[in-house]
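Hi,

Here is the structure I promised to pass on. Have a look, and my notes follow below.

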Amino acid sequence: QVQLVESGGGLVQSGGSLRLSCTASGFTLGDYTMGWFRQAPGKEREGVSCIDRRDGTTYYADSVKGRFTISRDNAKNTVYLQMNSLSPEVATVYSCAAAMDGSYLWWVMNTYSYWGQGTRVTVMD
């Protein structure tokens, strides 16, 4: 039973911060490249960030560089997304995903085999 469960979403003031968590069960998260995606209503799903399975190299969409930080704690089977300086434009549902293929084309959905259900981030303007 492979599962990814996100948590940490909620309501935050504009300019504030949240830390999202994604915990895996049924597989060893340390063996997988982990990504975060978001999808606003009526928009395509967008790759936000990724952390490589081997060397921990991180990748970010240009729109979040300098504001978001991805990290992982393999002992806890968990990946995190620290989000700072939040604005209403980035408020949507965020999902985590796991891939065995590594970080090449990390922003492409088909890279990933397992997906969580998502957690919603709401930002007050």
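One definition to start with: I call a residue buried under 20% relative accessible area, exposed over 50%, and partly exposed in between, with a 1.4 Å probe and protein chains only. Bear in mind that this is a predicted model, with local features needing pLDDT of at least 70 and side-chain atom pairs counting only at pLDDT 80 or more, while totals for chains, interfaces and linings use all residues. Numbering runs from 1 along each chain as its sequence is written, and side-chain values use heavy atoms, without hydrogens and water.

Cysteines first. There is 1 disulfide in the structure, taking that as a pair of cysteine sulfur atoms within 2.5 Å. Cys22 and Cys96 are the partners, at 1.8 Å S to S, and their link is right-handed, with 50 degrees about the S-S bond. It ties together distant parts of the chain: Cys22 sits in strand 3 (residues 18-25) and Cys96 in strand 9, 74 residues apart. (Strands are DSSP runs of E, at least two residues, and get their numbers from the N terminus.) Cys96 is buried, because its relative accessibility is 0%, and Cys22 is buried at 0% too.

Cys50 does turn up among the contacts of Ser103, together with Thr33, Asp52 and Tyr59, if you skip neighbours within four places in sequence; contact here means heavy atoms within 4.5 Å. Ser103 lies in the loop between strand 9 (93-99) and strand 10 (114-115), and counts as buried because its relative accessible area is 12%.

Now the rings. I get 8 aromatic pairs, where rings of Phe, Tyr and Trp (its six-membered ring) pair with centres within 6.5 Å; planes under 30 degrees apart are stacked, over 60 edge-to-face, and the rest tilted. One of them is Tyr32 with Tyr114, tilted because the planes are at 50 degrees, with centres 5.9 Å apart. Tyr32 is in the loop between strand 3 and strand 4 (33-39) and Tyr114 in strand 10, 82 residues apart. Tyr112 and Trp115 are edge-to-face, at 5.9 Å and 65 degrees. Ring pairs also join Phe27, Tyr32 and Tyr114 into a cluster.

Finally, the charged end of Arg45 sits over the Trp115 ring, 4.5 Å from its centre; the test is NZ of Lys or CZ of Arg within 6 Å of the ring centre and within 35 degrees of the ring normal.

Cheers

Definitions and conventions
Helices (H or I, at least four residues) and strands (E, at least two) are DSSP runs, numbered from the N terminus.
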